[in-house]
Amino acid sequence: MTSAICIEVSFLVGTNIEDAVLEAKNKAEQWDVSYVKFKFNGTQFSIGRNADVGQAVKDYETRDGRLSGIYHA
């Protein structure tokens with residue numbers, strides 16, 4: 001059964017985007033939740049256990065005004 005839970009977290013100042021996405025992905029799996037949500041410099045992320053960390057970081061770095069990203073597969 002797929003989880004229907006989403007948990008919102010925050011990261012300490014100084015955490016870089018790659019570490020934040022990777023930790024969110026790992027926590028989604030560890031906590032058995034659908035998504036771990038967080039804001040990073042005003043950008044909202046929803047990271048699932050199968051997120052592509054590299055793609056999420058790339059999208060953040062080249063977001064061109066896009067303010068949110070859901071990464072699950």
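Reader: What conventions apply to the numbering and the atoms?

Author: Residues are numbered from 1 along each chain as its sequence is written, and side-chain values use heavy atoms, with hydrogens and water left out. Since the model is predicted, local features need pLDDT of at least 70 and side-chain atom pairs count only at pLDDT 80 or more, while totals for chains, interfaces and linings use all residues.

Reader: How are strands assigned and paired, and which way do strand 1 and strand 2 run?

Author: Helices (H or I, at least four residues) and strands (E, at least two) are DSSP runs, numbered from the N terminus. Two strands pair if DSSP finds at least two bridges between them. Here strand 1 (residues 6-8) and strand 2 run parallel, joined by 3 bridges; Ile-7 has Val-36 as its bridge partner in strand 2.

Reader: What unit do strand 1, helix 1 and strand 2 make?

Author: A crossover is right-handed if, with the strands pointing away from the viewer, the path from the first strand over the helix to the second runs clockwise. With helix 1 (residues 17-30), strands 1 and 2 make a right-handed β-α-β unit.

Reader: How many bridges join strand 2 to strand 3?

Author: There are 5 bridges between strand 2 and strand 3 (residues 43-47), and the two run antiparallel. They form a hairpin with 2 residues between them, where Asn-41 in the turn has a positive phi of about 50°. Within this pairing, Lys-39 stands opposite Gln-44 in strand 3.

Reader: Which residues make up the covered face of strand 2?

Author: In strand 2 (residues 35-40), Val-36, Phe-38 and Phe-40 form the covered face, and Tyr-35, Lys-37 and Lys-39 the uncovered one.

Reader: Is Gln-44 buried or exposed?

Author: Buried means under 20% relative accessible area, exposed over 50%, and partly exposed in between (1.4 Å probe, protein chains only). Gln-44 has a relative accessible area of 17%, so this residue is buried. A polar contact is a pair of N or O atoms within 3.5 Å; within protein, one must be able to donate a hydrogen and the other to accept it, and residues adjacent in sequence count only if both atoms are side-chain atoms. A polar atom of the Gln-44 side chain lies 3.5 Å from the backbone oxygen of Phe-38.

Reader: Where does Ser-3 lie, and which residues is Ser-3 in contact with?

Author: Ser-3 lies in the segment before strand 1 and counts as buried at 16% relative accessibility. Contact means heavy atoms within 4.5 Å. Leaving aside neighbours within four places in sequence, Ser-3 is in contact with Asp-32, Val-33 and Ser-34. A polar atom of the Ser-3 side chain lies 3.2 Å from the backbone oxygen of Asp-32.

Reader: How many aromatic pairs does the structure hold?

Author: Rings of Phe, Tyr and Trp (its six-membered ring) pair if their centres lie within 6.5 Å; planes under 30 degrees apart count as stacked, over 60 as edge-to-face and the rest as tilted. The structure holds 4 aromatic pairs. The rings of Phe-38 and Phe-45 are stacked, because their centres are 5.1 Å apart and their planes at 15°. Phe-45 and Tyr-60 are tilted, because their ring centres are 5.9 Å apart and the planes at 45°.

Reader: Which residues have the most contacts inside the largest nonpolar core?

Author: A nonpolar core is a set of buried Ala, Val, Leu, Ile, Met, Phe, Trp, Tyr and Cys residues joined through side-chain atoms within 4.5 Å. The largest has 16 residues, and Ile-17, Val-21, Phe-38, Phe-40, Phe-45 and Ile-47 have the most contacts inside it. Helix 1 gives the most to this core, with 5 residues.
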